[in-house]
Amino acid sequence: MDKLSQLPEALLVRILSLLSAKDVVSTMVLSKRWQFLWMLVPKLIYDDSYQAIEYGSFSRFVDRSLTLHDAQVLDTLHFKLGKTSCGTGDIRVWIKTAEKRCLRELIIEIDKSNSDNSSVVLPRSLYTCCRMLVTLKLNNAVLVDATSSFSFPSLKTLSLVSMKFPGDELIKMLLSNCPVLEDLVVKRCPYDNVTTFTVRVSSLKCLVLHETELASINADCGFVIDTPSLECLDIEDGRGGFCVIENNMTKVVKANVCNSYVHTQQLMGSISSVKRLYVCIPSSKDAYPVGSVFHCLVRLTICTCETEWLNLLMCVLRDSPKLRELKLVKNHVYRSHQPRPCWNEPSAVPECLLTSLETLEWVKYEGTEEEKEVAAFILRSGSCLKKVTISSKSTDINKKFEMLKELSLVQSSSLVKLVCV
């Protein structure tokens, strides 16, 4: 302890920032030097499940420690709630107190698995008392209607995970009052009271929109996107709702498109500038507008769980003249009731196979007839291939050897490094 106490104060404060608030405050009894050191820690994590704290003592502990905290700027205030009965009133008081510390990051996580209580409703003061916030992350709580105008003039990162809202209009109001927002994460939950989730933010650079199969009973639910500055897009919709793109996203360089709905034409057509693309969609028909060319695409990953993946692969290869890396992977369970994919060798070899494709990685290769045929086609046609890695779920060494032997017979060049794992 003596050696630890000899460290510079700034380093000690940084070490304390890694601990929960309960542990941070408890260090005050170590020595005279430590008595007030905890008050300068810029990051406070309050976890009501820690050491089985009861509601009364937890609430009083948060009240008192936040009041005594003396840092001029509170970088992070993180609440993990659910074990006790903390509610709207408690959170209102804590946010009001933290406002005096120029709070930069606020995280509120509600763990319903540890609580018998109903949903935690966040106070309206969240809209008015946090003007200095740069990051706001909310998980598993309820937002209420705003009764007056508000603004988050410094907010750059916003995360809304499993949240419930009073309706569509609050989403529009919230996002329109974040003038410098750059990163937005939305993961919708069942019965979130939102029909059309509208993301209309001119400053946004990174957007994550996830909606599970259970997120909504209403098939008319979906997203409207207008983000002209967007650089990174991650959209997953297992429910099959709609997605309307109001303006092309010409600055997108990385995209993850995983959707259950058939019509992805507008979405895919709006990101033709993408450099790195992951795609898992149910149909190659109308996947993107006819005549589209992915001039900048250098890395492509296609999920092989859908029946149409082979046709989709050949379409994108045809329209990606500069592609250098190709990865095929099965990330989802194949639907057994659907017919097997059908391979039809194209009449012309895609330009990228002749001039640019250098690596092929195939994850969870099963050695079906259609997989053998497409692998053979790429190996025969890939004039620039340098490395091919095929990984199989099989643990049979003899089967892997046979697979390697089959693929070796069709590769176009002995210079290609072929690896089977």
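A pocket, worked out on a 1 Å grid over the protein atoms alone, is an open set of points where a 1.4 Å probe fits, with protein on both sides within 12 Å along at least five of seven lines; lining residues have an atom within 4 Å of a point. This is a predicted model, where local features need pLDDT of at least 70, side-chain atom pairs count only at pLDDT 80 or more, and totals for chains, interfaces and linings use all residues. Residues are numbered from 1 along each chain as its sequence is written, and side-chain values use heavy atoms, with hydrogens and water left out.

First stop: select K254, A255, L277, Y278 and T301, which lie nearest the centre of the second largest pocket, lined by 14 residues.

Eight of its ten residues are buried, so α9 is largely enclosed by the rest of the structure. Buried means under 20% relative accessible area, exposed over 50%, and partly exposed in between (1.4 Å probe, protein chains only). Among the buried ones are W309, L310 and M314.

The structure holds ten. Show E211 and R188, whose closest N and O atoms are 3.7 Å apart. E211 sits in strand β8 and R188 in strand β6, so this pair ties together parts 23 residues apart in sequence. Both E211 and R188 are buried.

Last stop: R200 and E246, a salt bridge at 2.7 Å, N to O. R200 is partly exposed, at 42% relative accessible area.

Technical notes: Helices (H or I, at least four residues) and strands (E, at least two) are DSSP runs, numbered from the N terminus. A salt bridge is a side-chain nitrogen of Lys or Arg within 4 Å of a carboxyl oxygen of Asp or Glu.
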